[in-house]
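Reader: Hello! Could you walk me through this model, with the cut-offs behind each term?

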Amino acid sequence: MNNTPYRLRPIIVGANHRSSSLALRDALFVDDASQPAFLAALKDAGLTQAVALSTCDRVEVLTMHHDAAVAEAVVTRALAERGHVTIDGLAGELYTLADVAAVKHCFAVTSSLDSLIIGEPHVLGQVKACHRMARDASLCGPEMEALLAAAYGVAKRVRSETEVGERPVSIASAAVQFARDLHGDLADCTALLVGAGEMGELVAESVLAAGVRRMVVTAPRQTRAEAVAESLNCHLGAFEDLPQLLADADIVLTAVSGRQAVLNAEQVHTALRKRRRKPIFLVDVGIPGDVDPAVNRVDGAFLYDLNDLERLALEGRASRQAAARGAWSIVEEEVVSFTKGRAARTAVPAIVALRTHFEQVRDQVLAESGEDAEKATHLLIGRLLHEPTEAMKEIAAGGDAKRSEWDAAEHLLRRLFHLSES
């Protein structure tokens, strides 16, 4: 891509999980409620096209601007103000990418190849949401729309042509995968979270995101259960009602981490009898474990602990790393296609202007020559070549001072008109 002053170039300025600390990204994070004000600040500072993407992995601004240094300064200042840090404090924490590098980065992010977890499924939706907010702020021109449309196309190819998103790569996603394998569609399932441990809450969030509509939280300490139930926006159950809650649950998550098992084989067997042998999927993320291993021998109970989930997650990471190589090939291919198409489109105005000029000269010559075709063609050639000839003479007359300009002009002339070397 060339750097002509009037041409808008894709530029990205930001911080991600490789360039900066989690503490800094937390400070810079732009939540949905803050997006309008942040985008307005970028607009007031002179950016005409900008999308702000803010996730746990990254906080970055994609903009279209003719000057990378100016764009970098505007975005850096806005991020410093957002994070209440000095511009010097951001030194070494931010990256700036322009032109082809920015296009490649945009495609990789949208395809979830630049995420902390490769193939993470939520990033495409996050990009689209930020795109909508930028559009609402009138910060999306044709150049930005073209780039993001191409990025969405790349993400679709990566998803359909590779297995980069096929296997679970975290404990939470592994639990969801096992639950789906057992119960199919989770929309009609009831989940029970026993305990208030952080890992249990994380898995519960993933289960809810996967489609479970009803979840009940209970814990030995009622106040902790209340806090988690409020955080997850789900139902609260009394711990003394655990036998009935267990019988009602298709998915049971335990995160008590006490010294004694919360669930034993007899409790689970009784619950299954009440359920008429409808299976229960149990996920024990307690350390030490909350479910007696003897539950594994109960027909209809499917128990997985942290070791089981971690093993599946590790297998998934290895699988995605292998698939990512094919995905990167798609990104590289699409970057070349996009940049070539964009470069070709920049030549259109000059081509149109040249054709218009030739048509105007042709009309003038025809008006002057009447019906004399030979006279018309001589006049036409003379008129079309007059200005280029005078310009070439002027460059040649400059001697050694304009030698490089002459060489470039002569090379371009021979290339445009397929002229042989004299």
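Author: Gladly. Helices (H or I, at least four residues) and strands (E, at least two) are DSSP runs, numbered from the N terminus. This is a predicted model, where local features need pLDDT of at least 70, side-chain atom pairs count only at pLDDT 80 or more, and totals for chains, interfaces and linings use all residues. Residues are numbered from 1 along each chain as its sequence is written, and side-chain values use heavy atoms, with hydrogens and water left out.

Reader: Thanks! Which helix holds serine 173, and is serine 173 buried, exposed or partly exposed?

Author: Serine 173 lies in helix α7, which spans residues 171-183. Buried means under 20% relative accessible area and exposed means over 50%, with partly exposed in between (1.4 Å probe, protein chains only). Because its relative accessible area is 25%, serine 173 is partly exposed.

Reader: How far apart in space are serine 173 and leucine 309?

Author: In sequence, 136 residues separate serine 173 and leucine 309. From C-alpha to C-alpha, their distance in space is 8.8 Å.

Reader: Which residues touch the most other members of the largest nonpolar core?

Author: A nonpolar core is a set of buried Ala, Val, Leu, Ile, Met, Phe, Trp, Tyr and Cys residues joined through side-chain atoms within 4.5 Å. The largest one has 55 residues, and those touching the most other members are Phe38, Leu42, Phe107, Leu147 and Leu148.

Reader: What does leucine 147 contact, leaving aside its neighbours within four places in sequence?

Author: Contact means heavy atoms within 4.5 Å. With those neighbours set aside, leucine 147 is in contact with Pro10, Leu62, Met64, Val103, Cys106, Phe107 and Phe338.

Reader: How many disulfides does a search of the whole structure find?

Author: A disulfide is a pair of cysteine sulfur atoms within 2.5 Å. Cysteine 189 is buried because its relative accessible area is 7%, and cysteine 140 is buried too, at 19%. For disulfides, the search of the whole structure gives zero.

Reader: Is phenylalanine 417 buried or exposed?

Author: Phenylalanine 417 sits in helix α15, residues 403-417. Its relative accessibility is 54%, so phenylalanine 417 counts as exposed.

Reader: And what share of the protein chain's residues count as buried?

Author: The protein chain has 15 helices and 10 strands. Among its contacts between residues at least 6 apart in sequence, 69% join residues at least 24 apart. Of its 422 residues, the share that count as buried is 43%.
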